[in-house]
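Subject: Handover of a structure

Dear colleague,

Please find below the structure that I am handing over to you. My notes on what was found in it follow directly after.

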Amino acid sequence: GTKSGYDLELLRAVAAAGKHLLLHKPMAYTHEEARQFVELARKGGIRFAVNQNARWAPTYGAATHLLASGAIGEPFWIHHQLLSGFDWFNSTGWHHKLPRFQIHQYGIHHFDILAVWLGRQPTSIFAQATRRPNQVYKGDMMTAVSCRYHDQLQAMLQETNALHPARP
């Protein structure tokens, strides 16, 4: 297996059989591992994708429509905020032991929707990740990510999955 849990030998066999690949996120935990997956798909001549189901959520679909239609004009600043308490109601799942959580399990959806909305990747990213005191999850649950695209376009992702339901 790999750090992401995907077995490279299994992926090689699937690619060699000419079968297309759809993986659950995160595709990989390291850049090198991701490059290996992409290379396997390229060599096998197959399509390879990571499931990004959040882009089809109704709220994101509505925002995508507003942007694509020009109803809100050309974006110059996007602020996305996630406030949730995943640490309190799902602390026994497989992912509560992961060394990284917020960006890999939640933030990846928000990077994807930014790419859909803006049609490009950022030129630079600054990210901070941390934990809440007494948090059950091993990995980070709070992140602040600043994405710069050019002088007149930036996005900020502020996210937490560490809120307590009794103290929103």
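Which side chains meet in a salt bridge at 2.6 Å, N to O? They are those of Arg-12 and Glu-9. A salt bridge is counted here when a side-chain nitrogen of Lys or Arg lies within 4 Å of a carboxyl oxygen of Asp or Glu. By this rule there are five salt bridges. Side chains of opposite charge can pair when their charged atoms come close.

Before the rest, a word on the basis of these notes. The model is predicted, with local features requiring pLDDT of at least 70 and side-chain atom pairs counted only at pLDDT 80 or more, while totals for chains, interfaces and linings use all residues. Residues are numbered from 1 along each chain as its sequence is written, and side-chain values use heavy atoms, with hydrogens and water left out.

Overall layout

The protein has five helices and six strands. Helices (H or I, at least four residues) and strands (E, at least two) are DSSP runs, numbered from the N terminus. Read from the N terminus on, the elements follow the order α-β-α-β-α-β-α-α-β-β-β. The C-alpha trace spans about 50 × 45 × 30 Å along its principal axes.

The sheet

An open sheet is formed by four strands in the order β3-β6-β5-β4, with mixed pairing. Its edge strands are β3 and β4 (124-130), each of which pairs on one side only. From one strand to the next, the twist averages 5 degrees. Two strands are taken to pair if DSSP finds at least two bridges between them.

Strand β3 (residues 77-83) runs parallel to strand β6 (residues 153-160), and seven bridges join the two. In this pairing, Trp-77 stands opposite Gln-154 of β6. Strand β5 (residues 142-150) pairs with β6 in the antiparallel sense, over eight bridges, and a hairpin of two residues connects β5 to β6. Here Cys-147 is opposite Ala-155 in β6, and Val-145 has Leu-157 in β6 as its bridge partner. On the other pairing, β4 and β5 are antiparallel over seven bridges, with Ser-124 opposite Arg-148 in β5.

The helices

Helix α5 (residues 102-118) lies across β3, β4, β5 and β6 and runs at about 155 degrees to β6. Axes are lines fitted to C-alpha atoms, for helices over the stretch in contact, and angles run from 0 to 180 degrees between N-to-C directions. Contact means heavy atoms within 4.5 Å.

Helix α3 (residues 58-69) packs with α5 at an angle of about 25 degrees, their axes being 10 Å apart. The two helices α3 and α5 are therefore roughly parallel to each other; angles under 35 degrees count as roughly parallel, over 145 as roughly antiparallel, 65 to 115 as roughly perpendicular and the rest as oblique. The crossing of α3 past α5 is right-handed, a term used if the near helix is turned clockwise from the far one by less than a right angle. Tyr-60, Ala-63, Thr-64 and Leu-67 of α3 make the contact with His-110, Ile-113, Val-116 and Trp-117 of α5. By class, this contact of α3 with α5 comprises six nonpolar, two polar and no charged residues. Ala, Val, Leu, Ile, Met, Phe, Trp, Tyr, Cys and Pro count as nonpolar, Asp, Glu, Lys and Arg as charged, and the others, Gly among them, as polar.

Helix α1 (residues 8-16) packs with helix α2 (residues 31-44) at about 20 degrees, with axes 9 Å apart. That angle makes α1 roughly parallel to α2. Leu-8, Leu-11, Arg-12 and Ala-15 of α1 form the contact with Gln-36, Phe-37, Leu-40 and Gly-44 of α2. This contact of α1 with α2 has five nonpolar, two polar and one charged residues.

With kind regards
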